[in-house]
Amino acid sequence: MEDGLSRSRRLLVLGICCSSLFIVGLDSTIVNLALPSIRAELDASVTKLQWTIDAYTLVLASLLMVSGSTADRVGRRRTFQAGLVLFGVGSLLCGVAQTIDLLIAFRVLQAIGGSMLNPVAMSIITNTFTDPRERAQAIGVWGGVVGLSMAVGPVVGGALVDAVGWRFIFWINVPVTLAAVLMTALFVPESRAAVPRRIDPVGQVLVVLLLGGLTYGIIEGRSAGWGSPLIIGCFLMCAVAAVSLVYYERRRDQPLLEPRFFRSAPFSGATLIAVFGFSALSGFLFLNSLYLQSVRGFSALHAGLLTLPMAAMTVVFAPISGWLVGHRGPRVPLVVAGTMLTASGLILSRLTTSTPVLPLLIGYLVFGLGFGMLNAPITNAAVSGMPRAQAGVAAAIASTSRQVGASLGVAVAGTVLTARLVGSFESGFVDAAKLCWFIIAGCGLMVLVLGLITTTQWARRTATSVADDLVKVG
């Protein structure tokens, strides 16, 4: 059915998927510029602010893989529409939350809906664009939209917070999701995997325990005490869940987390690159919002406008990255991404309470260039060579690694910041944040190193071998 779609219809499907996913990516970062307003109105601590962001990204990361395999079984369009509805309802409720705990709870509902959108939309795109070159170009557009949505979130968030209040950063999603539900029903064809994958409840529980234990331990470790039974128990549970997950999934015919994928060096590398790259992004946005508003005294709109150069560079370089991946391979985009993210972290580590605007903008421009080059090679590595029947699972793993990185970036940045904070928040922020910026630079360095390793001839041979094995097994 998908193979018979006209080019204009295929592009329309791509547009619907990208527009819907734009708001999901937007919601991963749009909240950052509202953090000071939420902190003031709902009397939220830094830890609660971390959870406001991580409750969303953590649930996304936990459920993306099961959503991808479920969509392959019950129907991708049906799952996509259900996700849109839940996301819209969650957004509506976030906008009326009267306490920080309620806001966090409604962010969880948002994320449950969002988890049904990202991998499912990628699977729809993969099954709609059957020509390899056309598919690579579509994936490039997709990767650019995902990156763009996360980059422009602070600008949109700042404008809304200043103009109509922080609650509208959630309410803006409602009409978009309603329109997307209608457009999906009219123009997106239904599709399923030829051989549906069985549900893996044990694997799903182990993923939740692994990610939840790790994130909770990092965020709550300082307040509860790193040596407390609760935090030690969290990290112990995380370790046991990780070992059990590998052991259990290797013995399943249709695992939630397909271990054979990770025998491909480009796939494994892309997963780690996504974790490091998106850790850098989320840490950057979390720190930058607090610095510009709480330390420098800029309004939310002004702070958002100052980050506009970063968003602009992402807009410019994301499609360039997609073109380079399609025509030259992923090495150049990954090398540029890693180099620029590292440089940006080093530049921003020199911030003071009175840093002129020009050095700030240089740091933002460099970061935007690096992040703009990052997404297309990650997404392409996730689905290249994979059987179309497993497109949902492969795309879900890549999406999960992004959200894991986003969760860890906020968790680590917030924890390091509060641990090093001396005196008042406003006066002690700059010194406390220096180590955080160095950590972000380290994430960029890991992107560079992994990008070089996973684009060698040896790495390409491992990808070919895995693809052949998956086709043989079926």
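Reply: Happy to. The largest nonpolar core has 96 residues, and those with the most contacts inside it are Ile38, Leu103, Phe284, Leu287, Phe367, Leu417 and Phe429. A nonpolar core here is a set of buried Ala, Val, Leu, Ile, Met, Phe, Trp, Tyr and Cys residues joined through side-chain atoms within 4.5 Å; buried means under 20% relative accessible area, exposed over 50% and partly exposed in between (1.4 Å probe, protein chains only). Helix 12 (residues 265–295) gives the most to this core, with 15 residues. Helices are DSSP runs of H or I, at least four residues, numbered from the N terminus.

This is a predicted model: local features need pLDDT of at least 70, side-chain atom pairs count only at pLDDT 80 or more, and totals for chains, interfaces and linings use all residues. Residues are numbered from 1 along each chain as its sequence is written, and side-chain values use heavy atoms, with hydrogens and water left out.

Setting aside neighbours within four places in sequence, leucine 417 is in contact (heavy atoms within 4.5 Å) with Leu287, Leu290, Phe425, Phe429, Ala432, Ala433 and Cys436. A second, separate core of 29 residues includes Ile16, Ile23, Val59 and Leu84.

Ile16 is also among the residues touched by phenylalanine 187, along with Arg9, Leu12 and Val13, again not counting residues up to four places away in sequence. Phenylalanine 187 lies in helix 9 (residues 173–187) and is partly exposed, with a relative accessible area of 27%. Its C-alpha atom is separated by 7.6 Å from that of arginine 9, 178 residues apart along the chain.

Conventions:
Helix = DSSP H or I, 4+ residues; strand = E, 2+ residues; numbered from the N terminus.
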